[in-house]
Each structure stands twice: as structure tokens, then as C-alpha cells.
Amino acid sequence: MATAAARTRGLRKDRPQRLTHVVLNSHAVDETQRFLGEALGFTLADRTVAIAFMNCNSDHHTIAVGISDNDALNHIAFLMPDFESVMRGGGRMGDAGFPIQWGPGRHGPGNNLFNYFIDPFGVVIEYTAEVEQVDESYKPRGPEDWKWPPGRVDQWGISPPPGPVLKEAQKRVLFVPS
Ligand SMILES: [Fe+2]
């Protein structure tokens, strides 16, 4: 029998449903992409100049590895049910003292909506929805296919690009002591 707390959670239609992806910083993206593919069985979805997007399910990317001068956790993304819940989540996080650091917007690879936050522990989290669903017929595209027009870093262009506070947080959670 469901507990009262579980029933309450079930009524929260705009809550996160599950993790959908993690993004890692790496000084060795090509090598890491190869390892993820050959040893762990991930499939390459798309490769931009900076980021290898890979998956192990129908989400466009389950893990992505981006070029960086350090090896760190860039962010983890929670799947929200829909557009509205990404927006309402942004409002709730702001009310709780953790305002949107980047967003709202819509990414290129994966076509997913986003709002980014820095959580109470300093970890960057993303609320996302409408993640592109792929199967074996999906054709990976390369850096020449993923180019933004000048001044754009997402499909809408209504939010400024990520600022220094978010960028610093995206390099702070290290895999090994610095
Ligand atoms: Fe993400």
C-alpha cells in the first residue's frame, strides 16, 4: 500500500521523472568517446567540435563528454514531464534560493529544453524535457553539421549564454584531487 508521502509525490505532476543524462568534462574527449563506445557499449549520437553525445537507450544522449582543461562533472540532467514543468521547476528553484543560471532554452543536439541551476551542494543540475528519442536509424552528425549562428548558443536565443558563475561550478566537482 502506498504511503501518504508516496501518494503526495504521485500528485506532483511536474516533478522530475528520472535522470536522463550526465555530462563530463574531459581533457581527452576522443579517447573517452572511444572507451565509452568500445568498452561500455555506448552509441555515438552526435559529435560537435566540443562534445561527444552518446547513449545507451532511446534518449539522444545518456552521457556526453565535453572538451575541457579539467576532468570534472559538468552537470546531471533530470527529465521533467513537459515544457510547463521545466518552467515551473525554474520558479520553484528560484523560490528556494537557487535561481536559473542558464535558460530557458532549447539545445541543438538532443533538441531538449533546459533550465540550469547550481544546487545547494555546488553541483550543476539541469531540468530538461522533450529529449529527442532515437533508434538505430539515427544518423550521427558531426561538427560541421552543428554550428550556431553568431551570438547563439541555443535554438531560441532568449536567454544570455552561461555566465562565469555557472562555468566555474561546471568545473568544480572533480574526479580526482586537484
Ligand atoms: Fe545537459
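1. The model is predicted, so local features need pLDDT of at least 70 and side-chain atom pairs count only at pLDDT 80 or more, while totals for chains, interfaces and linings use all residues. Residues are numbered from 1 along each chain as its sequence is written, and side-chain values use heavy atoms, with hydrogens and water left out.

2. The iron ion has as its protein donors His21 (NE2), His75 (NE2) and Glu126 (OE), at 2.0 to 2.1 Å; donors are N, O and S atoms within 2.8 Å of the metal (3.2 Å for Na, K and Ca), and because water is not among the atoms, sites may look incomplete. Along the chain these donors follow the spacing H-x53-H-x50-E. His21 in strand β1 and Glu126 in strand β8 (residues 124-129) are 105 residues apart, so that the pair links distant parts of the chain; helices (H or I, at least four residues) and strands (E, at least two) are DSSP runs, numbered from the N terminus.

3. In helix α2 (residues 29-38) the buried residues are Val29, Gln33 and Leu36. Viewed down the axis of α2, they fall within an arc of 65°, and therefore line one face of the helix; the arc is that of the directions from the helix axis to the C-beta atoms. These buried residues pack against β1 (18-26), β2 (43-47), β3 (51-55) and β4 (63-67), contact meaning heavy atoms within 4.5 Å.

Terms used
Buried < 20%, exposed > 50% of the residue type's maximum accessible area, 1.4 Å probe, protein only.
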